[in-house]
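Let me put the model up on the screen and then walk you through a few bits of it.

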Amino acid sequence: METKTEMRFFFLPDFEKEERYLAKQHRQGWKFIQNHLGFLFVFEKCQPEDVAYQVDFKESKNKDRESYLRMFEDYGWEFVTSCQNFVFFRKAAVKGDLEIYGDRESKLVFVKTIIQRRYLPSLGLYFILIVMNLNEHHYVFTLVLSAIYI
């Protein structure tokens with residue numbers, strides 16, 4: 001099968017933009033199959049379809065993974081891949097609800113969990129690295145590395 005890889009950066013609050021990007025690629029005949037390092041998206045040539053993509057955040061990759069994936073499958077979502085605790089699902093746009101988190105409160109909990117588990121520790125690490133490297137000439141490397149991770 002023909003594949004292509006695109007480099008795209010999406011930040012934590014951009015998960016809906018990321019979902020729209022993946023759906024647009026699928027409508028253009030490129031099915032999302034893998035994500036590497038959070039910014040390399042691998043697509044496989046397919047028949048163009050109207051498909052919805054959703055991103056979820058799972059704290060532990062192996063904890064209850066089988067029942068977690070089965071729950072989404074029961075609601076019509078197909079597991080695509082996971083990368084850095086983010087799990088990607090898709091389903092045909094004509095199959096009922098097109099959002100994993102259909103109400104505001106659930107979406108708010110989702111975003112809050114990402115911020116608490118991912119962003120705040122990264123921000124703390126970022127500041128520690130900056131302070132440690134202020135007197136050295138490696139601060140540019142530290143800034144770039146931490147900006148990519150955050």
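Predicted model: local features only at pLDDT ≥ 70, side-chain atom pairs only at ≥ 80, totals over all residues.

So, helix α1, residues 15-27. With 13 residues at 1.5 Å a residue, α1 should span 18 Å, and the end C-alpha atoms sit 19 Å apart, which agrees. After α1 comes glycine 29, and its phi is positive, near 95°.

Now, which residues of α1 are buried? We've got Phe15, Glu18, Glu19, Tyr21, Leu22, Ala23, Gln25 and His26. Keep in mind that an α-helix has 3.6 residues a turn, so residues three or four places apart point the same way.

Let me stay with histidine 26 for a second, which is in α1. Its relative accessibility is 2%, and the cut-off for buried is under 20%, so histidine 26 counts as buried. What is it in contact with, once you leave aside neighbours within four places in sequence? Histidine 26 touches Lys31, Cys46, Gln47, Pro48, Glu49, Val51, Tyr53 and Arg90.

Val51 and Tyr53 take us over to strand β4, residues 51-57. There, 7 of the 7 residues are buried, so β4 is largely enclosed by the rest of the structure. Val51, Tyr53, Val55 and Phe57 point one way, while Ala52, Gln54 and Asp56 point the other, and both sets are buried.

And the partner? β4 pairs with strand β6, residues 86-92, antiparallel, over 7 bridges. If you want a spot to look at, alanine 52 stands opposite lysine 91 in β6.

That's me done, over to you.

Key: Residues numbered from 1 in each chain as written. Heavy atoms only, no water. Helix = DSSP H or I, 4+ residues; strand = E, 2+ residues; numbered from the N terminus. Expected span 1.5 Å × (residues − 1). Buried < 20%, exposed > 50% of the residue type's maximum accessible area, 1.4 Å probe, protein only. Pairing = 2+ DSSP bridges. Contact = heavy atoms within 4.5 Å.
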